[in-house]
Amino acid sequence: VILRANSFNGLISLYQLKLGNNLISIIENFAFLGLENLNMLYLERNFLSRINKEMFYGLEILSDLILSNNMINNLGFMPFFYMKNLKYLSINNNQI
């Protein structure tokens, strides 16, 4: 499953997004653009192998990011750069 750019555009009131166990293997850059009020993003138990900062562009107030139990083996340059409010990050059970 691929999360395409602007997949959630227009959902500005969304506070929490749970996408765990969805067989997601790729998140395109700017996939979460438009979710400016998102606080919690759950991406656990998918098939993600890499992450980069453009994937999370627009998530400035995100406080919790769950990436555990994926296959992440590549953290791009400054992958959490746009998440100025990030307080909790779970990346356990990956290949990094």
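**Exercise 1. Which residues does asparagine 46 touch, not counting residues up to four places away in sequence?**

Step 1: Let's list the partners. Asparagine 46 touches Leu19, Gly20, Asn21, Asn22, Leu23, Ile24, Asn69 and Asn70, once residues up to four places away in sequence are set aside. Keep in mind that we're working with a predicted model.

Step 2: Now place the residue. Asparagine 46 sits in the loop between S4 and strand S5, which covers 50-51.

Step 3: A polar atom of the asparagine 46 side chain lies 2.9 Å from the backbone nitrogen of asparagine 22. For the backbone nitrogen of isoleucine 24, the distance to a polar atom of that side chain is 3.0 Å.

Step 4: Finally, buried or exposed? Asparagine 46 has a relative accessible area of 3%, so it counts as buried, since the cut-off for buried is under 20%.

**Exercise 2. Which backbone atoms lie 3.0 Å from the side chain of asparagine 94?**

Step 1: Find the residue. Asparagine 94 belongs to the segment after strand S8 (88-90).

Step 2: Look at the two distances. The backbone oxygen of leucine 67 is 3.0 Å from a polar atom of the asparagine 94 side chain. That side chain also reaches the backbone nitrogen of isoleucine 72, again at 3.0 Å.

Step 3: Apart from neighbours within four places in sequence, asparagine 94 is in contact with Leu67, Ser68, Asn69, Asn70, Met71 and Ile72.

Step 4: Check the burial. With a relative accessible area of 15%, asparagine 94 is buried.

**Exercise 3. Where is methionine 40, and is it buried or exposed?**

Step 1: Methionine 40 is part of strand S4, residues 40-42.

Step 2: Its relative accessible area is 15%, so methionine 40 is buried.

Step 3: Who's around it? Leaving out neighbours within four places in sequence, the contacts of methionine 40 are Tyr15, Gln16, Leu17, Leu62 and Asp64.

Step 4: Methionine 40 and serine 63 are 23 residues apart along the chain, and their C-alpha atoms are separated by 6.1 Å.

**Exercise 4. What is the phi of arginine 45 and of methionine 78?**

Step 1: Start with the background. Most residues other than glycine have a negative phi.

Step 2: Read the angles. Arginine 45 isn't a glycine, yet it has a positive phi of about 55°. Methionine 78 isn't a glycine either, and its phi is positive too, at about 50°.

Step 3: Locate them. Arginine 45 is in the loop between S4 and S5, while methionine 78 is in the loop between strand S7 (74-75) and S8.

Step 4: Arginine 45 is partly exposed, with a relative accessible area of 46%, and methionine 78 is partly exposed at 37%.

**Exercise 5. How many helices and strands does the chain have, and what is its radius of gyration?**

Step 1: Count the elements. There are zero helices and eight strands, giving the pattern β-β-β-β-β-β-β-β along the sequence.

Step 2: Compare with the rule. A compact globule of 96 residues would have a radius of gyration near 12 Å, and the chain has 12 Å, so the two agree.

Step 3: Along the principal axes, the C-alpha atoms fill roughly 35 × 25 × 20 Å.

Step 4: Look at burial and contacts. Buried residues make up 42% of the 96. Of the contacts between residues at least 6 apart in sequence, 53% join residues at least 24 apart.

Technical notes. Residues are numbered from 1 along each chain as its sequence is written. This is a predicted model: local features need pLDDT of at least 70, side-chain atom pairs count only at pLDDT 80 or more; totals for chains, interfaces and linings use all residues. Side-chain values use heavy atoms; hydrogens and water are left out. Helices (H or I, at least four residues) and strands (E, at least two) are DSSP runs, numbered from the N terminus. The radius of gyration is taken over C-alpha atoms; the globule rule is 2.2 Å times the number of residues to the power 0.38. Buried means under 20% relative accessible area, exposed over 50%, partly exposed in between (1.4 Å probe, protein chains only). Contact means heavy atoms within 4.5 Å. A polar contact is a pair of N or O atoms within 3.5 Å; within protein, one must be able to donate a hydrogen and the other to accept it, and residues adjacent in sequence count only if both atoms are side-chain atoms.
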